[in-house]
Amino acid sequence: MMEGAREEMEMRKKKLPIGIESFEELQKEDFYYIDKTGFIAELLHNWGAVNLFTRPRRFGKTLNMSMLEHFFSLNGDPHIFNGLDISKETALCEEYMGKYPVISVSLKGIDARSYEVAYQRAVQLIMETAAEFYVLLDSKQLNAHDKAAYRKLLDDHMNEATLGSSLRQLSGMLEKHYGAKVIVLVDEYDVPLAKAHANGYYSQMASLIRILLGEVLKTNSSLKLAVLAGCLRISKESIFTGLNNLKVLTIADERFDEYFGFTDKEVRELLEYYDVMDHYEAVKRWYDGYQFGNAKLYCPWDVLNHCDRIRSEPYVQPENYWINTSSNDAVKRFIQESANATAKREIERLVAGESITKEIHQELTYAEVYQSIDNIWSLLFTTGYLTQRGKAEGRRMKLAIPNLEIRDIYVTQIMEFFQENVREDGDMLNRFCNALQNGDVENVEKIFTGYLRKTISIRDTAVRTNMKENFYHGVLLEILGVKTRWGISSNREMGEGYADILVEPDTGDMGIIIEVKYAHGGDLDGACKEALKQIEYTKYEENLEDDGVENILKYGIACYKKRCKAMLAKKQIK
């Protein structure tokens with residue numbers, strides 16, 4: 001082989017499967033794949049007629065469901081499993097691969113503001129699913145009554161009775177035609193319930209889903225195996241009443257714990273393959289930290305997205321990929337509901353990297369999740385905003401924020417909550433601003449300290465100093481925002497550096513420069529002096545002097561947990 005051709009082969013890497021949810025596409029289009037086909041073998045060895053897997057979003061549930069579909073389906077291509085772990089299980093492959101008709105549906109699209117629209121989307125889903133089996137219209141195994149029932153599944157005016165029994169009817173027809181029992185796969189089974197709860201038609205949707213799933217999963221003689229996947233474990237009494245053959249496998253279960261998410265070994269291999277192993281520590285800090293059963297896992301969505309970015313820009317910093325792909329209502333409600341001092345301290349401990357022991361109830365209904373702060377703890381656990389540490393003791397678990405990415409969501413929501421409530425304290429905020437303008441250091445310090453005691457503070461010892469300073473910086477900016485006629489700028493280029501905060505009161509003859517420091521070990525005096533020294537060193541005031549500002553106040557403000565210290569240096573131009 002010529003040297004140039006060899007170099008080209010070495011440079012041509014597999015594509016990263018960002019957003020690829022079709023197992024067949026992933027295998028045939030040369031995407032990088034972390035082999036999770038052991039999931040199939042474990043599913044078959046540990047048999048359960050109806051299996052429910054609950055995992056947070058973005059952990060590969062849909063891809064795994066697609067993998068199951070292509071493995072079992074009569075129309076599946078067996079070659080896409082060549083060389084994968086499941087291909088070594090020859091007896092299982094001979095018995096199960098390509099042997100069954102498969103009904104595969106995702107309820108993700110049943111998302112609407114009203115029940116009527118959601119119902120029509122459910123009808124559309126069933127029509128599209130039924131349309132995959134047009135062969136039934138010409139089937140010699142089906143009689144005229146069967147075919148008439150099948151045509152009803154293609155009618156966009158189907159009534160609730162037809163819709164509710166649709167998957168059971170379809171499975172019966174498929175068994176008749178193919179002479180084989182049916183595999184049923186239901187992805188995102190809980191999305192319609194979440195959307196219905198958010199839009200006020202939960203009881204109607206719960207009734208519809210209860211009938212739809214109950215009919216096909218319960219006492220259905222045509223069913224061989226069913227797998228459901230979703231985010232939240234919905235109470236059995238809510239939609240699975242009487243379903244006695246349901247095996248529930250949650251994030252706390254040791255079984256199947258490695259098959260959703262990437263292990264450390266898998267992440268190392270991926271980074272090495274793409275020659276970006278020097279980013280391993282950052283990837284680990286930001287996207288690792290989840291514990292499912294006994295497995296320690298990374299979020300696949302984040303790892304793949306960040307690997308893609310660093311391949312094109314080697315010096316890029318980690319970012320939050322979760323915050324742009326889903327609602328963070330659970331965290332927002334958690335912070336809003338945590339009004340008492342104990343709850344605030346618990347949030348502060350979590351953000352500081354500590355763990356909190358709580359009793360977790362994984363089996364809830366959407367109508368219950370926000371009824372109490374205890375239920376919100378459970379919701380945060382099941383949705384991946386908290387993870388367990390160590391072994392559970394019954395229902396009691398040690399909970400922690402998994403990593404820096406999820407911590408960033410908490411900090412963002414804390415700041416947003418602060419922003420929403422800041423103007424409720426208008427009188428106090430005005431007193432702070434007046435003290436700042438008047439050079440009243442004692443009251444600047446006293447009022448700011450009092451305000452910090454009312455907020456949820458950020459004090460993670462594992463986080464870089466500038467991230468801690470950013471929190472206090474943000475609080476100050478929000479307080480100063482009460483003065484709508486003042487000029488407030490943040491990190492503005494001045495002199496030989498950047499001023500943390502520049503304040504220009506509406507008097508026109510004054511400028512206030514504020515440098516915020518985080519006081520390591522609580523040395524507030526030392527941090528204040530360092531802040532003032534930085535203002536002098538960078539000559540922040542030169543721009544103000546050039547603009548003819550005659551009265552310049554320079555504040556060094558140091559913060560540590562819920563304490564602060566302020567020092568003032570004045571400069572008057574004569």
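Helix 4 (residues 61-72) lies across strand 2, strand 3 (182-187) and strand 4 (223-230), running at about 165 degrees to strand 3. The model is predicted: local features need pLDDT of at least 70, side-chain atom pairs count only at pLDDT 80 or more, and totals for chains, interfaces and linings use all residues. Residues are numbered from 1 along each chain as its sequence is written, and side-chain values use heavy atoms, without hydrogens and water.

- An open sheet of five strands has the order 2-3-4-1-5 with parallel pairing; strands are DSSP runs (E, at least two residues) and helices are DSSP runs (H or I, at least four), numbered from the N terminus.
- Strand 2 (102-106) and strand 5 (246-249) stand at the edges with a single partner strand each, so one side of each has no neighbour in the sheet.
- Strand 1 (residues 50-54) pairs with strand 5 in the parallel sense over four bridges, where pairing requires at least two DSSP bridges.
- Val50 has Leu246 in strand 5 as its bridge partner.

**Helices on the sheet**
- Helix 8 (residues 160-178) lies across strand 2 and strand 3, at about 155 degrees to strand 2.
- Angles run from 0 to 180 degrees between N-to-C directions, with axes fitted to C-alpha atoms, for helices over the stretch in contact; contact means heavy atoms within 4.5 Å.

**Helix pair**
- Helix 15 (residues 329-337) and helix 17 (residues 373-382) pack at about 150 degrees, with axes 10 Å apart.
- Ala330, Val331, Arg333, Phe334 and Glu337 in helix 15 meet Ile373, Ile376, Trp377, Leu379 and Leu380 in helix 17.
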